[in-house]
Amino acid sequence: MNNADVCILIPTLNEATTIGELIKDFKNEGFSNILVIDGNSRDGTAQIAEAEGARVVLQTGKGKGQAVIQALEVIESPYVLMVDGDGTYLAREAPSLLGPILEGKVDHVIGNRLENYSPGAFTKFNLVGNRLINMFFDLAYGVQLKDILSGYRAFTLESVRELELNKTGFEIETEISVECILKKQRVEEIPITYLPRSEKGVTKLNPVKDGLRIGSTIYRLAKVHNPMFYFGIIGFFFIVAGLFTGTFVVFQWVQGITRIPLSILTTLFIIFGLQMFIFGMISDLIVTLHRQTVSLILELNKQRK
Ligand SMILES: Nc1nc2c(ncn2[C@@H]2O[C@H](COP(=O)(O)OP(=O)(O)O)[C@@H](O)[C@H]2O)c(=O)[nH]1
Ligand SMILES: [Mg+2]
């Protein structure tokens, strides 16, 4: 394994309490190419990182996503290891994440925090939220990933440049995971240790606001990958609503009470719900045919070369 080919990418926003130690740890592991992309921290994070010998770039916009996207443009090393600057991940576990990448077995490794986390690393709310988000993700994309939101990841520069990334905030990990699947990259998850944040460093993630944003990103991006899922969910809710009002209408009718407006509403609910499923089926067909066309074009292109 050649550590000189690896760039350690650390996005930071006010992580002065942990960044120095983290850079030292990576140096001790034999990594010298360390890039800190700093969101104009006001606690001297950038200065500490520089003093420890990291290359520091100040981000031009806002949010972790924007920082990562900007950093990926300046990296030249063929392999990248991305890690939070908050000291929740261990530098000494870098080789296990990088192993499959350097061997050329996979394109993208996700450090799975959910098997080996320390007490207090997740709040109950965050743990349940993470599990629900992963279940939703797996359902939408037909995969079996366990921790798509992890901040500890390794990938090749070539594979990450192939991804179309636009999310500026904490939806960036979601977008990376979705894009890996859309681009049919080889993804592997490796269990890692996950430590609690130090008491002085506060998380920048708002579990409710960012959680909802992440959920909605998973859902919206599923439109082109799995339209049956996208439209099916809407259809499902309307049909459930229709069954609900419908049952009520039938019960009342048995008792001799006719509810005309509610009957009409029930019909509308059910018809709209079924229509959503039909939409889903048609879109599914379009997406499948489109995929076949694209892969044919790619195949032809390859033959021409
Ligand atoms: N450059 C930059 N880094 C950020 C920004 N927001 C968060 N980060 C960093 O991204 C990493 C993950 O954020 P964190 O607050 O730890 O989220 P959590 O791990 O989900 O609690 C940390 O190293 C943060 O310092 C930002 O706006 N810009
Ligand atoms: Mg963190």
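**Note on the predicted model**

1. Helices α9 and α10 cross in a left-handed sense. This is a predicted model, and the points below should be read that way. Helix α9 covers residues 227-254, and helix α10 covers residues 260-304. Their axes come within 8 Å of each other. The crossing angle is roughly 165 degrees. An angle over 145 degrees counts as roughly antiparallel, and α9 and α10 are therefore roughly antiparallel to each other.

2. The entry is unreviewed, and it lists residues 229-254 and 260-282 under "transmembrane region". What does the model show over each span? Residues 229-254 are 100% helix and 0% strand. The end C-alpha atoms of that span lie 36 Å apart. Residues 260-282 are likewise 100% helix, with 0% strand. Here the end C-alpha atoms are 33 Å apart. The annotation of both spans is the record's; the helix content comes from the model.

3. Overall make-up. The protein has 10 helices and seven strands. There are 305 residues, and buried residues make up 47% of them. The C-alpha trace spans about 80 × 60 × 35 Å along its principal axes.

4. What is the strand order?

5. Asn-112 stands opposite Pro-191 in β7. The pairing with β6 (residues 153-156) has the antiparallel sense and uses three bridges. There, Ile-110 has Arg-153 as its bridge partner.

6. Is β5 enclosed or open to the outside? Five of its five residues are buried, so β5 is largely enclosed by the rest of the structure. The residues split by direction. His-108, Ile-110 and Asn-112 point one way, while Val-109 and Gly-111 point the other way. Residues pointing in either direction are buried.

7. The magnesium site. Which residues supply the protein donors to ligand 2, the magnesium ion? They are Asp-84 and Asp-86, each through OD.

8. Helix α7 spans residues 172-182, and helix α8 spans residues 207-225. They pack at an angle of about 20 degrees, with their axes 10 Å apart. That makes α7 roughly parallel to α8; the cut-off for that label is under 35 degrees. The crossing of α7 and α8 is right-handed, whereas that of α9 and α10 is left-handed.

Notes:
Residues are numbered from 1 along each chain as its sequence is written. Chains are lettered from A and ligands numbered from 1 in the order in which they are written. This is a predicted model: local features need pLDDT of at least 70, side-chain atom pairs count only at pLDDT 80 or more; totals for chains, interfaces and linings use all residues. Side-chain values use heavy atoms; hydrogens and water are left out. Donors are N, O and S atoms within 2.8 Å of the metal (3.2 Å for Na, K and Ca); water is not among the atoms, so sites may look incomplete. Two strands pair if DSSP finds at least two bridges between them. Helices (H or I, at least four residues) and strands (E, at least two) are DSSP runs, numbered from the N terminus. UniProt positions are given in the numbering used here, feature names are shortened, and annotations may be inferred rather than shown by experiment. Axes are lines fitted to C-alpha atoms, for helices over the stretch in contact, and angles run from 0 to 180 degrees between N-to-C directions. Angles under 35 degrees count as roughly parallel, over 145 as roughly antiparallel, 65 to 115 as roughly perpendicular and the rest as oblique. A crossing is left-handed if the near helix is turned anticlockwise from the far one by less than a right angle, and right-handed if clockwise. Buried means under 20% relative accessible area, exposed over 50%, partly exposed in between (1.4 Å probe, protein chains only).
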